[in-house]
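Trainee: I've got a protein model open and I'd like to talk it through with you. Can we go question by question?

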Amino acid sequence: PVGKAASSLGMRVTQGRNWSLLWSWRSPWTDAALVRPLRGSRAGAGPIVNHVGGLNELAYKSKLAVFAASLAAAHPSTFEGVAPETYILPDQLGALARRLKSEGAADAHGWPRWLSKSVKHRGVRVLPSNASEDYLRSLNAALVQRRVKPLLLRSVPRVFDLGLYVLLSSVRPLRAYLFEEALVRFGSAEYPASPAGFARQESFVIDDYSPVWKLPAFAADVRACGESAACALRRRLREEGHDPRALWARMRRTIRGLLSAARPSVERALRRHGVRAGATFELLRFDFMVDRRGTPLLTEVNISPNLIGKTHQDSAVKQRLLTTVLS
């Protein structure tokens, strides 16, 4: 997809060392031959790469959970409630055990309060109501996260999430652009109506998802929005009495706050690698779930997000995204 977008802009694509823009899935910081052209004391023109160092606090789920919690403790008015309550195992086993003792792993109706997941975001499962400290210890490198009670549309009662694309184009000054286009994913089946049905689910991750273009309830919205998934979702939310303007504003505040908070780490990485401030940029995707109150909760930040289209419409969106980034 990147090569196709570059070619459409008249850029010559090469696999060799003679380049002015490097687009790589992997970070280049351990390859001295790739980093050398990015070094220098001036912030002027020169080769650039699609990775910004120092974003580990966002890119790794365990680090993101700790980072978000520390920011919420220090700046509650900005960061409190931006992500689901999360415990990292085994480091926070004692705190989680105390939490479970105080309120239990399930509510009075039997709905689970917690999900456990590996740090790689696979193997997601319900935390048993009788989870002991030995059981928690057996999970090893895992996150235990409070289950989000999702907002369900009357017309499409399925869990959904939003992926907002952000271009971090500059560190000095800090400059980021939020794209109008977004990834909107609905689960392939209706949300379970009972705790037993929830526990029987084979997957709690939206991998096999339905794009809005394939959902009959969205047909009029998609037509009115020129096949823009974000626009179609905002239209449907308004139709059902929700406030998409407030939802998007809250997500923008979260993204802006996290990038600002990560800036000191980015500055340290620039100095450590000796890289010019203008030599790096990053395309990120911030993934949010929306709870039943309409509050967005950050679940993940994707560095080098998947840019391969799943459908014709998805491919067109991602090509527009890439040509804008490369322009």
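Trainee: What percentage of the 327 residues in the protein is buried?

Mentor: Before the number, keep in mind that this is a predicted model, where local features need pLDDT of at least 70, side-chain atom pairs count only at pLDDT 80 or more, and totals for chains, interfaces and linings use all residues. Residues are numbered from 1 along each chain as its sequence is written, and side-chain values use heavy atoms, with hydrogens and water left out. Buried means under 20% relative accessible area, exposed over 50%, and partly exposed in between, with a 1.4 Å probe and protein chains only. On that scale, the buried share of the 327 residues is 49%.

Trainee: How many helices and strands are there, and what is the radius of gyration?

Mentor: Helices (H or I, at least four residues) and strands (E, at least two) are DSSP runs, numbered from the N terminus, and here there are twelve helices and eleven strands. The globule rule, 2.2 Å times the number of residues to the power 0.38, is set against a radius of gyration taken over C-alpha atoms. For 327 residues the rule gives 20 Å, and the protein comes close to that, so it is as compact as a globular protein of that length, with a radius of gyration of 21 Å.

Trainee: How far apart are the end C-alpha atoms of helix α11?

Mentor: α11 covers residues 244-273, which is 30 residues. The expected span is 1.5 Å times one less than the number of residues, so α11 should span 44 Å. The model agrees with that, as the end C-alpha atoms are apart by 41 Å.

Trainee: Where does α11 bend?

Mentor: The bend at a residue is the angle between axes fitted to the seven residues ending there and the seven starting there. For α11 that angle is about 40 degrees, and a proline, Pro264, follows within four residues of the bend, which sits at Arg263.

Trainee: Is Gln313 buried or exposed?

Mentor: Gln313 lies in helix α12 (residues 312-326). Leaving aside neighbours within four places in sequence, Gln313 is in contact with Trp213 and Glu227. Its relative accessibility is 19%, so Gln313 counts as buried.

Methods
Contact means heavy atoms within 4.5 Å.
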